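Here are my notes on the model, written as numbered points. Have the structure open while you read them.

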Amino acid sequence: SRQNTILMKKNLKKLCLLGSLLVGFSGVYAQSFTWISSTDNDVWKEAKTKLQISSRNTPVLSVNGTENIQTFKKWGTCFNELGWDALNMLPMEQQNTVLDNLFSPDGDLRFSMGRIPMNANDYARDWYSCDEVPGDFQLKYFNVNRDKTTLIPYVRRAKQVNPDMTFWSSPWSPPSWMKVNHYYSVRSNSKVNKLPAEAEITLYEGTDDVDKKFYPKQVAVNDYFIQDPRYLQTYADFFCKFVSAYQEEGVVISRVMFQNEPWAYSIYPACAWTPEGIIRFNVEYLAPTIKKQHPGVQVYLGTLNTNRIELVDKVLSDPRMKDAVEGVGFQWWGGQVLPEIRKKYPNYKYMQTENECGSGTFDWKAAEHTFNLINHYLGNGCEEYTFWNAILCDEGTSGWGWKQNALIRVDSKTGAATYTPEYYAVKHFSNKVVSGTKVLQYKEKGEDNLPVIVFLTPENKYLVVAGNFNDEPKNLTIQLGSKYLDVTLQAHSFNTFSMK
């Protein structure tokens, strides 16, 4: 009947309206998140949470998805001899597990980039270089024989897990005969090296300025690399020989940097440079030689470790530098000037080149420091991030006697591996922040001790990584589009929120 028809139409309208409301209501809560949290001794715990349509709290960050600080590319680590030794203390099955966790594309940390030291660094077994024959300007005696027994096997093991890994390289010290003090270190120390104390006069020419006792305040007045054209050209050729030698071993080095920490005046392998020397070597020798002999290899300016911004600015302001280097690498105190340098020189690519090493404590406090560093560097435009030692044994003691942290710690007596708090600090980022993920916005740790960073994944889904470094739980509110992530973070916790 007509009455039944009218009634059916009314009911149909009600059902449609109800359906629309349900769709709208479900849309509000459809954006659910997986919440992964870690605290000391209770790591990587999964829970669920959902966005809210409103919040009484003021958001610490608000994004709409159009922001873009930079697009992230790669996580990586440095291949060091003592790391290779620590790995080989484990049974083969555990070795494979560790390598999978570090380098597998679907593993825990998903490292896809490796840093290879050119000559010995401070986590080599001891000092060596690829050519220690004084006056060998033809590099007739150049070889990577030692690397063939340590670093190259280490790299090959990683490549077996991830064949798509890329590699970059830098020296800590040139061959000793190329330096003004004819020695691998800059500073003397009777306990760990044989450099006479009077050799330090070369560094400052006898200055008594108390403020210059310790870097980063101190600045060398002399280049420790001999600034003779024969030496400079031979050293540029040395880089090319190193790239070629590794290529012959099946390892492609796609990027080089001229010096690890040119403002670190150390008792282990190091080399001090002045801005004038840095410009001269990179612009007149290294860049053109690499371009001629290995046109596919990038030259970056790094690894810069000073917070004396006028020094970095002096180098980058040379108009020739923009044609010599494609990017800039920062570590340690250099991270403090990264924001200002990137603002002034936006056309360079930026990367973090070495995570700070700690002091062999392997504790949660060290992990919080690393978590905060990652937040800072990614939030200030670094598209790649390099960790230092992925694995060490016992107290992480170097060949020069100091202790450092690592992501994985091996007990040399029992042959057991422990995944340290720092490992999980890294995993909260690297497990979810894959290549192609956009960094939208970030907040420094600040007085509230809440470092936060918001990403947009290649699938256009929000990803939030946040820490609470306080002794008590803290509320965190972030506006994501028109909705709110409103949660309470546990005390001293790392947290990752990934949209389903």
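1. Let me start with a question: does Thr 289 count as buried or exposed? It counts as buried, because its relative accessibility is 8%, and the cut-off for buried is under 20%. Bear in mind throughout that this is a predicted model. Thr 289 sits in helix H7, which covers residues 275–293. Setting aside neighbours within four places in sequence, its contacts are Gln 233, Ala 236, Asp 237, Cys 240 and His 294.

2. Now the overall picture. The protein has twelve helices and 21 strands. Its C-alpha trace spans about 110 × 55 × 45 Å along the principal axes. The radius of gyration is 26 Å, which agrees with the value near 23 Å that a compact globule of 500 residues would have.

3. If you take the contacts between residues at least 6 apart in sequence, 71% of them join residues at least 24 apart.

4. As for the surface, the protein exposes about 21,300 Å², and 51% of that comes from carbon and sulfur atoms. The charges are worth a glance too: there are 54 positive and 54 negative side chains. The centres of those two sets lie 10 Å apart.

5. Have a look at Ala 366 in helix H11, residues 364–379. Ala 366 counts as buried because its relative accessibility is 14%. Leaving out residues up to four places away in sequence, Ala 366 touches Thr 361 and Asn 405. Glu 356 is ten residues from Ala 366 along the chain, and their C-alpha atoms are separated by 9.5 Å.

6. If you were going to look for disulfides, the structure holds zero of them. Cys 78 is in none, and the nearest cysteine sulfur to it belongs to Cys 357, 12 Å away. For Cys 357, likewise in no disulfide, the nearest cysteine sulfur is that of Cys 78. For a disulfide, the two sulfur atoms would have to be within 2.5 Å. Cys 78 counts as buried, since its relative accessibility is 2%. Cys 357 counts as buried as well, at 7%.

7. Next, some backbone geometry to check by eye. Most residues other than glycine have a negative phi, and most peptide bonds are trans. Which peptide bond is cis, with omega near 5°? That is the one from Gly 302 to Thr 303. Thr 303 belongs to strand S9, residues 298–304.

8. Phe 362 deserves a look for its phi, which is positive at about 55° although the residue is not a glycine. You will find Phe 362 in the loop between strand S11 (349–354) and H11. Phe 362 counts as buried because its relative accessibility is 9%.

9. Asp 394 is a residue other than glycine with a positive phi, near 55°. Where is Asp 394 found? It is in the loop between strand S13 (391–393) and strand S14 (408–411). With a relative accessibility of 30%, Asp 394 counts as partly exposed.

Definitions and conventions. Residues are numbered from 1 along each chain as its sequence is written. This is a predicted model: local features need pLDDT of at least 70, side-chain atom pairs count only at pLDDT 80 or more; totals for chains, interfaces and linings use all residues. Side-chain values use heavy atoms; hydrogens and water are left out. Helices (H or I, at least four residues) and strands (E, at least two) are DSSP runs, numbered from the N terminus. The radius of gyration is taken over C-alpha atoms; the globule rule is 2.2 Å times the number of residues to the power 0.38. Contact means heavy atoms within 4.5 Å. Accessible areas come from the Shrake-Rupley method with a 1.4 Å probe; for residues, only the protein chains shown count as cover. Lys and Arg count as positive and Asp and Glu as negative; His and the chain ends are not counted. The place of a charge is taken as NZ of Lys, CZ of Arg, CG of Asp or CD of Glu. Buried means under 20% relative accessible area, exposed over 50%, partly exposed in between (1.4 Å probe, protein chains only).
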